[in-house]
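Please keep the sequence and the 3D view open as you read.

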Amino acid sequence: MRTLKTGIAVGLCILLFHLLDREPPMIAALAAVFGLREDWQTSLKFGKTRIFGNSIGAIFAAILILLQQLIGLDFLIELFGVPLGIILIIVFCDRINYNSGIIGASAAFLIIYFSIPTNETVLYALARVLDTFIGTFIAIAVNRLIPGGPKPTDTLQP
C-alpha cells in the first residue's frame, strides 16, 4: 500500500505544481517519495527532519551564491566553495547534534547550487525549501487520509 500511496503523492505534487504554474515539481516529488513512511506519524517526524535539513542546505547554497555574485570568479568559487560548503554543512550539523540531516542538507545544497538559474538569488533557494514543504505535506496528508491496507494477522491466535 505504501508504494501506491507514494505514487499518489508524487502525482498530486505534479498536479499541484501544474495548477499553480510553479517550477518543475522535482524537489516536491522527491520530498514526497522520501517523506512517505510506514504511517503518517513517522512521515511527520521524517518530514520535519527533511525540511530542517533542506533549510540548512538552502541557507549554505544561498550564501555561496551571494558570495559568488559579489566576488565573481565563478569557477574558483565553485571549485573551492562547494567542497568547503559541504565541509561546513557537516561540521554545522555535527555541532548541533543533527547528524541525521547531513545527507539531506548536503543534497539540498548541491541541488540548489548547481541548478540555480542565472540571475536568481536567495529567492530561488527559498522556493526550493517551499517545494520541500509542499511535497512533505502531501506525503503526510496522503498517508493520513488513505488507509494503510491490511494489517498482518497474528498466527498464534485461533
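The report below covers salt bridges, a cavity, a pocket and a surface patch.

## Before you start

Please keep in mind that this is a predicted model. Residue numbers start from 1 and run along the chain as its sequence is written.

## Salt bridges

The model holds 3 salt bridges. One of them pairs R2 with E38, whose closest N and O atoms are 3.4 Å apart. This pair links distant parts of the chain: R2 belongs to helix α1 (residues 2-20), while E38 sits in the loop between α2 and α3, 36 residues apart. R2 counts as partly exposed at 37% relative accessibility, and E38 is exposed, with a relative accessible area of 54%.

Now turn to D131. Its side chain meets that of R22 in a salt bridge, at 2.3 Å from N to O. R22 lies in the loop between α1 and α2 and D131 lies in helix α6, so this pair ties together parts that are 109 residues apart in sequence. D131 also forms a salt bridge with R128, and here the closest N and O atoms are 2.7 Å apart. R128 and D131 are 3 residues apart in helix α6, so about one helical turn separates them. Through shared partners, the salt bridges join R22, R128 and D131 into one network.

D131 is buried at 0%, and R128 is buried at 7%.

## The cavity inside

Rolling a probe the size of a water molecule over the atoms shows where empty space is left. The structure holds 1 cavity of 30 Å³ or more, and about 100 Å³ of space lies in the largest cavity. Which elements give two or more residues to its lining? They are α2, α3, α5 and α6 (122-145). Helix α5 gives the most, with 5 residues.

By class, the lining has 7 nonpolar, 3 polar and 2 charged residues. T132 is found in helix α6 and is buried, with a relative accessible area of 0%. The C-alpha atoms of T132 and K45 are separated by 14 Å, and these two residues are 87 residues apart along the chain.

## The largest pocket

The largest pocket has a volume of about 210 Å³. Its lining is made of 15 residues, and those nearest its centre are F34, F46, R50, I103 and G104. Helices α2 (26-35), α3 and α5 (102-115) each supply at least two lining residues. The lining divides into 8 nonpolar, 6 polar and 1 charged.

A nonpolar surface patch of about 860 Å² is made by L67, L70, I71, L73, F75, L76, L79 and F80. Helices α3 (40-71) and α4 (74-95) each supply at least two of its residues, and α4 has the largest share, 4 residues.

F80 is found in helix α4. Is F80 buried or exposed? F80 is exposed, with a relative accessible area of 55%.

Definitions and conventions. This is a predicted model: local features need pLDDT of at least 70, side-chain atom pairs count only at pLDDT 80 or more; totals for chains, interfaces and linings use all residues. Side-chain values use heavy atoms; hydrogens and water are left out. Patches are made of residues with over 30% relative accessible area and no salt bridge: like charges are joined within 9 Å, nonpolar side chains (Val, Leu, Ile, Met, Phe, Trp, Tyr) within 5 Å. Accessible areas come from the Shrake-Rupley method with a 1.4 Å probe; for residues, only the protein chains shown count as cover. A salt bridge is a side-chain nitrogen of Lys or Arg within 4 Å of a carboxyl oxygen of Asp or Glu. Buried means under 20% relative accessible area, exposed over 50%, partly exposed in between (1.4 Å probe, protein chains only). On a 1 Å grid over the protein atoms alone, a cavity is a set of points where a 1.4 Å probe fits but cannot get out, and a pocket is an open set with protein on both sides within 12 Å along at least five of seven lines; lining residues have an atom within 4 Å of a point. Grid points are joined across faces, edges and corners, and a volume is the space filled by probe spheres set on the points. Ala, Val, Leu, Ile, Met, Phe, Trp, Tyr, Cys and Pro count as nonpolar, Asp, Glu, Lys and Arg as charged, and the others, Gly among them, as polar.
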